[in-house]
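Here is a structure to read through in questions and answers. Each answer sets a value against the definition behind it.

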Amino acid sequence: MERFTGSFTQQEPIPDTAIAAALRVMQSGRLHRYNTAPDEIAEAALLEEEFAAATGARYCLAVASGGYALATALRAMGVQPGDRVLTNAFTLAPVPGAIASVGAVPVFVGVTEGLVIDLDDLAAKAEGARVLMLSHMRGHICDMGALMRLCDARGITVIEDCAHTMGATWDGQLTGRWGAMGCFSTQTYKHMNSGEGGLIISDDPALMARTVLLSGSYMLYNRHRAAPPAEAFADLRLTTPNISGRMDNLRAAILRPQLADLPRQCARWNERYRAVEAGLAETPGLTRIQRPAAEGFVASSFQFLLLDWTPEAIRAVIARCGARGVELKWFGAPEPVAFTSRYDSWTYAPSAPMPATDRILHGIIDMRLPLTFSLEDCAQIARIIRAEVSAVFQGDTSAPDLTPRAD
Ligand SMILES: Cc1ncc(COP(=O)(O)O)c(C=O)c1O
């Protein structure tokens, strides 16, 4: 009975170059982004400049978290209390939370078997909404050409939640570059790790001038290197409230070397994803998620479906895999656990039931895939899942086999 012993929550260490950069910031004592020596450029300003260059965006702002980035994008667009904001039924709590934080009303749009937003449901619910907060949840990217055509035709502005798609593309174009604004997270489990942190990109000078002012720029916006020119601030500087959420130089220093290494890390993530995917091929009862050819995804987790399984059978799979060291999360659990809440968990934003979406959510099994796992680890994890899914599928819902390990 093989058993996996790795930790699903263990990220790689912060690279030595990033630690050295962080030490330099701490030794300087100048952690606040606007606290610079004469002629010094703040780490936060450099990070913004480099992230803008890496994504091809004209402007970038570094902020305190991904959730703050999303709420700030909504504020910059002038979303008002009571406005309807479309978003995914399959996403995580910070997304509807950002919408609720500005007093707006989340309108949840269904999910497909490909784990992306259902464009038919989006069209059906679009009436009366001005903004779509599109979550590329768990790195699954919908047909962005079709989505943008649909939204453009209805005058709906798109904010992309790229918390799980840093460096990912659709049809060769980066996520975050399709909508009016792209929001990223650098929280520990994301593609770059600063503990907490967020980044906003856009080509729109008025939107980005507002985000800079909203984040709390103390009239020092001229210290930004990836912000619009001073003229863009002229009419906004006294009318835009300060809702502090800046990124500090310490986090920015940790992130800059990680950004330089992002393409290599993304390739490593995808190798791990492909290893698990290959190991689960033709597992009876298990549906793998089809990845369209146009999708240049960047994995950091793995999902599969146990479609139309009973709750008891799904619980048996999770328990049996857990007993063998493989930690699975279930989006169908009646109570939200850890990161797995879903649209009907957010009772502050009531929604009519969505039976087709409920069927998918009920079957979604989710697993982290940190870079600390080797390819052999991934193959072993897949073997364990395959064995336990197959056993339960064939009718064995007995308690997990806890036979001591042979090794
Ligand atoms: C889908 C999604 N969007 C947005 C966020 C927000 O990021 P943060 O935790 O940095 O606020 C997260 C974070 O977990 C997320 O998973």
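Domain bounds here come from an automatic or database domain assignment. The model is predicted, so local features need pLDDT of at least 70 and side-chain atom pairs count only at pLDDT 80 or more, while totals for chains, interfaces and linings use all residues. Residues are numbered from 1 along each chain as its sequence is written.

Q: What makes up the two domains, and how many Å apart do their C-alpha centres lie?
A: The assignment gives domain 1 (16-260) and domain 2 (262-393). Their C-alpha centres lie 27 Å apart.

Q: How many residues of domain 1 are in contact with domain 2?
A: Two residues are in contact if their C-beta atoms, placed from the backbone, lie within 7 Å. By that rule 32 residues of domain 1 are in contact with 31 residues of domain 2. H4, strand S3 (105-109), strand S6 (169-170) and helix H9 (249-260) each supply at least two residues of this side of domain 1. S3 gives the most, with three residues.

Q: Why is strand S1 (residues 59-63) called mostly covered?
A: A residue is buried if 20 or more other C-beta atoms lie within 10 Å of its own, exposed if 12 or fewer, and partly exposed in between, with C-beta atoms placed from the backbone. In S1, five of five residues are buried. Tyr-59, Leu-61 and Val-63 point one way, Cys-60 and Ala-62 the other. In a regular strand the side chains alternate between the two faces of the sheet.

Q: How do you know that S1 pairs with strand S9 (residues 198-202)?
A: Two strands pair if DSSP finds at least two bridges between them. Five bridges join S1 to S9, and the two run antiparallel.

Q: Why are S10 and S13 called edge strands?
A: The open sheet has the order S10-S12-S14-S13, with antiparallel pairing. Strand S10 (287-288) and strand S13 (329-330) each pair on one side only. Two bridges join S13 to strand S14 (residues 364-368), and Lys-329 has Asp-366 as its bridge partner in S14.

Q: Which residues are closest to the ligand?
A: A residue is near a molecule if its C-beta atom, placed from the backbone, lies within 6 Å of it. The ligand is surrounded by 15 residues, the closest being Gly-66, Gly-67, Pro-94, Ala-163 and Ser-185. Helix H3 (66-76) and helix H4 (94-101) each supply at least two residues of the shell.

How values were computed:
Helices (H or I, at least four residues) and strands (E, at least two) are DSSP runs, numbered from the N terminus.
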